[in-house]
Amino acid sequence: MLSAEQLHHFKKLLTQSLNENEQQIEQNHHFGLHEEQNNVGFSGELSNYDNHPADSATELYEREKDLAIDDHYRDEVDEIRTALTAIEKGTYGVCQVCQKEIPVSRLEALPTATTCIEHSQQQNLNEYRPIEEEVINADVEVPHDDNNGFDEEDSWQSVAKWGNSDGPSDLYDAPTDYEKMYLNSGENVGYTEEFENSVGTDIDGKNIQIFDTKQLRAYEEVLDEEGIMTTFGDLKAYEEEPYVENKEDEQ
């Protein structure tokens, strides 16, 4: 049990904290909340007709912050008064749940504590997470059509590569080069797979040529190792020649 000297010590701490919180609430005039009861409004105007929506949003944010701070001070005052009442009843320093003594070290850190650490409400963490986290860095399947031409995303990338205001902290997988500080900076241009860069044509799209590149060799090694013709499986016999559907047409 706590000694008389310890009880006096904690009572002094609680009384001092109670006076400080009550003075703070009084100095803040309850953050002007009493003015709203007189229908004056938190902005001091009767109408928001001539105000910019952003200004109204700022006023709303400040009012919500004031409400939260005011609630914090009120809750703190209630907890202090509960602890002082426990001192008067002789139950201070005893857990309200298990009736075990609360360690003095816990009371020194939190004089308003009425439970031990095991039965503290802080042990029950809120498992709620913002719904936005469900889509952050999620693998979202975006439908694509047959048109792989120059679209809006390509247009932005072409402009962004000349410089923008993004920094490493703005990108999830930030590149090491500031000249590539834009979304999908490492994306292939003009082709999708690495080995596709091994195929070239002339200016008219004719005279197809295959260039022996390391990407093509790596792709062929994977196919040979797996014993398949393509990464999505073997082609049917009549598909070995892309423009011949059967042997009769070939003849």
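This is a predicted model: local features need pLDDT of at least 70, side-chain atom pairs count only at pLDDT 80 or more; totals for chains, interfaces and linings use all residues.
**Close-up 1. The largest nonpolar core.** This core has 18 residues, and the members that touch the most others are Leu-14, Leu-84, Tyr-92 and Leu-107. Helices α1 (4-27) and α3 (53-89) each supply at least two of the core residues, and the largest share, 7 residues, comes from α3. In soluble globular proteins, nonpolar side chains tend to be buried together.

**Close-up 2. The aromatic pair of Phe-10 and Tyr-92.** A search of the whole structure finds 1 aromatic pair, formed by Phe-10 and Tyr-92, whose ring centres lie 5.8 Å apart with an angle of 50° between the planes, an arrangement classed as tilted. The two residues are 82 residues apart and link distant parts of the chain, with Phe-10 in helix α1 and Tyr-92 in the loop between α3 and α4 (104-109). Phe-10 counts as buried because its relative accessibility is 0%, and Tyr-92 is also buried, because its relative accessible area of 5% falls under the 20% cut-off.

**Close-up 3. The second largest pocket and its lining.** The volume of the second largest pocket is about 390 Å³, and 14 residues line this pocket, with Glu-79, Thr-112, Thr-114, Thr-115 and Gln-121 lying nearest its centre. Sorted by class, the lining is made up of 9 polar, 3 nonpolar and 2 charged residues.

Technical notes
Residues are numbered from 1 along each chain as its sequence is written. Side-chain values use heavy atoms; hydrogens and water are left out. A nonpolar core is a set of buried Ala, Val, Leu, Ile, Met, Phe, Trp, Tyr and Cys residues joined through side-chain atoms within 4.5 Å. Buried means under 20% relative accessible area, exposed over 50%, partly exposed in between (1.4 Å probe, protein chains only). Helices (H or I, at least four residues) and strands (E, at least two) are DSSP runs, numbered from the N terminus. Rings of Phe, Tyr and Trp (its six-membered ring) pair if their centres lie within 6.5 Å; planes under 30 degrees apart count as stacked, over 60 as edge-to-face and the rest as tilted. On a 1 Å grid over the protein atoms alone, a cavity is a set of points where a 1.4 Å probe fits but cannot get out, and a pocket is an open set with protein on both sides within 12 Å along at least five of seven lines; lining residues have an atom within 4 Å of a point. Grid points are joined across faces, edges and corners, and a volume is the space filled by probe spheres set on the points. Ala, Val, Leu, Ile, Met, Phe, Trp, Tyr, Cys and Pro count as nonpolar, Asp, Glu, Lys and Arg as charged, and the others, Gly among them, as polar.
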